[in-house]
Amino acid sequence: LEPLSITPEIAAGESIFDLYADVPAIVDGMRRALDGEAVNFTVEVEGQTFEAWAEPVFDDDGTVEEAIVVAIDVTDRARLESALRDLQSVARDLLQVETRDEVASVAVDAVEEVVGWPIAAVWYYDDESQSLVPTAESDTARAMVGDAQLFTPDTGLVWDAYDTGEI
């Protein structure tokens, strides 16, 4: 309850059905446990993801007396699983592209959508001009600095980072 800002004082004497009336998965899990079924479910509440187990507790006659619920915060795991699914989608997209420009475009989109960085750009090295040629950039990058520029050996910091492999 603590991660949801529900203190023991708030919860004392309250029905779980009232506390979580607006969270159908919790209400359903408790109803099923009170009907005698052991239940495992995942639920998102206020931006956090919980994995919960609800177990009926039987009296000596085999009648459900109460239910016990244990829940753990699995928000980090859920976010990582979502990121993994997103990366798998990017990998599928990369398998379908045919040109360097398409690869760069997919990479920029992935940086924005999967990593969450709105500013992204890709350059490739062109042997003929001996320069780094802009290939793809995010809309946010373009809005901030205009069209990406060409970098040559005399450009300075960006070229030096490329040339030495160090930032």
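The model is predicted, so local features need pLDDT of at least 70 and side-chain atom pairs count only at pLDDT 80 or more, while totals for chains, interfaces and linings use all residues. Residues are numbered from 1 along each chain as its sequence is written, and side-chain values use heavy atoms, with hydrogens and water left out. Helices (H or I, at least four residues) and strands (E, at least two) are DSSP runs numbered from the N terminus.

**Aromatic rings**

- Four aromatic pairs turn up in a search of the whole structure; rings of Phe, Tyr and Trp (its six-membered ring) pair if their centres lie within 6.5 Å, and planes under 30 degrees apart count as stacked, over 60 as edge-to-face and the rest as tilted.
- Tyr 125 and Trp 159 make a tilted pair, because their ring centres are 6.2 Å apart with planes at 50°.
- This pair links distant parts of the chain, 34 residues apart: Tyr 125 is in strand β4 (residues 121-126) and Trp 159 in helix α7 (residues 157-164).
- Trp 159 is buried at 7% relative accessible area, whereas Tyr 125 is partly exposed at 30% (buried is under 20%, exposed over 50%, partly exposed in between, with a 1.4 Å probe and protein chains only).
- Together with Tyr 162, Tyr 125 and Trp 159 form one aromatic cluster.

**Salt bridges**

- The count comes to seven salt bridges, each a side-chain nitrogen of Lys or Arg within 4 Å of a carboxyl oxygen of Asp or Glu.
- Glu 51 and Arg 77 meet in one of them, at 2.8 Å, N to O.
- Glu 51 lies in strand β2 and Arg 77 in helix α4 (residues 75-96), so the pair ties together parts that are 26 residues apart in sequence.
- Glu 51 is buried at 14%, and Arg 77 is partly exposed at 39%.
- Arg 142 bridges to Asp 139 (3.1 Å, N to O) and to Asp 147 (3.8 Å, N to O).
- Glu 137, Asp 139, Arg 142 and Asp 147 are linked in a network of salt bridges.
- Asp 139 is exposed at 59%, as is Asp 147 at 61%, while Arg 142 is partly exposed at 33%.

**A loop residue**

- Thr 63 is in the loop between β2 (48-58) and β3, and is partly exposed at 43%.
- Leaving aside neighbours within four places in sequence, Thr 63 is in contact (heavy atoms within 4.5 Å) with Val 57 and Phe 58.

**Nonpolar patch**

- Strand β3 (residues 64-73) gives the largest share of the nonpolar patch, three residues.
- Ile 68, in strand β3, is partly exposed at 45%.
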